[in-house]
Amino acid sequence: IVDHKPQGDLQQKLSQLYSSVLAIDIDKITIDGSFFDLGGSSLLIMQLKHRLMEIPEWCPLQIRGVAI
């Protein structure tokens with residue numbers, strides 16, 4: 001399995017949000033990884049949703065089947 005590092009502005013910003021919400025090092029985040037495998041939970045995904053909703057140009061997004 002190959003894990004690809006985030007590239008481009010959008011992927012980098014999403015990685016920063018994941019890192020902040022999950023309280024993990026940003027280097028552990030890949031575009032192939034699962035939010036839940038990184039330690040995410042239903043409560044944390046709601047925190048991520050809230051943070052994303054604060055950024056108007058990113059709404060609505062759908063991340064790996066989780067419509068927000």
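Reply:

**The aromatic rings**

Searching the whole structure gives 2 aromatic pairs, where rings of Phe, Tyr and Trp (its six-membered ring) pair if their centres lie within 6.5 Å, and planes under 30 degrees apart count as stacked, over 60 as edge-to-face and the rest as tilted. This is a predicted model, in which local features need pLDDT of at least 70 and side-chain atom pairs count only at pLDDT 80 or more, while totals for chains, interfaces and linings use all residues. Residues are numbered from 1 along each chain as its sequence is written, and side-chain values use heavy atoms, with hydrogens and water left out.

Helices (H or I, at least four residues) and strands (E, at least two) are DSSP runs, numbered from the N terminus.

Phe 35 also pairs with Phe 36, with centres 5.5 Å apart and planes at 85 degrees, so this pair is edge-to-face. Through these ring pairs, Tyr 18, Phe 35 and Phe 36 form a cluster.

The surroundings of the rings can be described next. Both Tyr 18 and Phe 35 are buried, where buried means under 20% relative accessible area, exposed over 50%, and partly exposed in between (1.4 Å probe, protein chains only). Phe 35 has a relative accessible area of 5%, whereas Phe 36, at 43%, is partly exposed.

Tyr 18 and Phe 35 also belong to the largest nonpolar core, which has 12 residues in all, including Leu 14, Val 21, Ile 29 and Leu 48. A nonpolar core is a set of buried Ala, Val, Leu, Ile, Met, Phe, Trp, Tyr and Cys residues joined through side-chain atoms within 4.5 Å. Helix 1 (8-22) and helix 2 (42-53) each supply at least two residues of this core, and helix 1 gives the most, with 5 residues.

Helix 1 also holds Ser 15, which counts as buried at 4% relative accessibility. Apart from neighbours within four places in sequence, Ser 15 is in contact (heavy atoms within 4.5 Å) with Pro 6, Ile 26 and Ile 29.

As for the chain as a whole, its secondary structure comprises 2 helices and 2 strands, in the order α-α-β-β from the N terminus. Of its 68 residues, 29% count as buried.
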